[in-house]
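Subject: Structure handover

Hello,

Here is the structure you are taking over. Please open it alongside this email.

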Amino acid sequence: MLVDVYSRHDAYIGTIATDELLSFVHTDELNGEDSVAIQTTFPLREGYRLVWQDPQGTCHEHVCQDPKGTHEATTVYSDTALNSICELFGDFIEDKRPYGYSFLKALEVALEPTRWAAGTVDQSGTVGSGQTFYHISAREALNDILENGGELETTITVGASGVSSRKVGIRSHRGSSTGHRRFVYGKDISSVTKTEHWGP
């Protein structure tokens, strides 16, 4: 597996080769955490962008948050990088009121101050009649939209000089349901982690 590294300003830094990548774990929760826990001998810095491709051929981009370097025989850098949609926390919306809008139109309003564009939106219906974006970040506005329904999807396109487009989609259902596979412990998986939440 290769991981291309770019600066916070999208300048190419280098590529983490297979022998430099000690650990790489991708966590993707529906409408929740999307992160990469990485350990590598390649020097990481805050704001570095990790661009990589999963076994299905889908490209991903994650941003280093607070890399730490541990030196023994060699220096090993570790970090938990977040999906690059985290940059929307830095884009500010002063006052927008998309109440009663379709999910697509509300998403376009939320993304106005950002460099991201609306992707596939197939969630039907409209956002709440009281939907307002007042003195919040674009990422918070996106979370507000998702409280009305839908599943968050981020899509990036990678060209010769790095990421060429970034899109946010709101899907009625992520993934596909073909019915030809069944979950069975010990088949086609190396491990399973179960988390139970208790609450009202």
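Predicted model: local features only at pLDDT ≥ 70, side-chain atom pairs only at ≥ 80, totals over all residues.

Nonpolar cores

The largest nonpolar core has 21 residues. Ile-85, Phe-133, Leu-142, Ile-145, Val-168 and Ile-170 touch the most other members. Elements giving two or more residues to this core are H1, S11, H2 and S13. H1 gives the most, with six residues.

Take Leu-142 as an example. Setting aside residues up to four places away in sequence, Leu-142 touches Ile-85, Leu-107, Leu-152, Val-168 and Ile-170. Another core lies apart from the largest one. That other core has 15 residues, including Leu-21, Val-36, Leu-44 and Trp-52.

In soluble globular proteins, nonpolar side chains tend to be buried together.

Helix H1

H1 spans residues 103–111. Its buried residues are Phe-103, Ala-106, Leu-107, Val-109, Ala-110 and Leu-111. What covers them? Strands S9 (92–96), S10 (117–121), S11 (133–137) and S13 (162–171) are part of the cover, and so is helix H2 (138–146).

Salt bridges

How many salt bridges does the structure hold? The count is 12.

- Arg-115 sits in the loop between H1 and S10, and Asp-10 in the loop between strand S1 (3–6) and strand S2 (12–16), so the pair ties together parts that are 105 residues apart in sequence. Both residues are partly exposed: Arg-115 has a relative accessible area of 42%, and Asp-10 has 27%.
- Lys-68 is partly exposed at 46% relative accessible area. Asp-66 is also partly exposed, at 45%.
- Lys-96 is partly exposed, with 34% relative accessibility.

There is also a network of salt bridges. It links Asp-10, Arg-49, Glu-61, Glu-87, Arg-115 and Arg-166.

A buried charge without a partner

Please look at Arg-139, in helix H2. Arg-139 is buried, yet has no salt bridge. Which side chain of opposite charge is nearest to Arg-139? That is Asp-34, 8.4 Å away. What does Arg-139 touch instead? Its contacts are Ile-85, Leu-88, Phe-89 and Leu-152, not counting residues up to four places away in sequence. Ile-85 and Leu-152 are also touched by Leu-142.

Cysteines

A search of the whole structure finds zero disulfides. Cys-64 is in none, and the nearest cysteine sulfur belongs to Cys-86, 10 Å away. A disulfide needs two sulfur atoms within 2.5 Å, so the 10 Å between Cys-86 and Cys-64 is too far for a bond. Are these two cysteines buried or exposed? Cys-64 is buried, with a relative accessible area of 2%. Cys-86 counts as buried too, at 18% relative accessibility.

Best wishes

Conventions
Residues numbered from 1 in each chain as written. Heavy atoms only, no water. Buried < 20%, exposed > 50% of the residue type's maximum accessible area, 1.4 Å probe, protein only. Helix = DSSP H or I, 4+ residues; strand = E, 2+ residues; numbered from the N terminus. Contact = heavy atoms within 4.5 Å. Salt bridge = Lys/Arg side-chain N within 4 Å of Asp/Glu carboxyl O. Lys, Arg positive; Asp, Glu negative; His and termini not counted. Core = buried A, V, L, I, M, F, W, Y, C linked by side-chain atoms within 4.5 Å.
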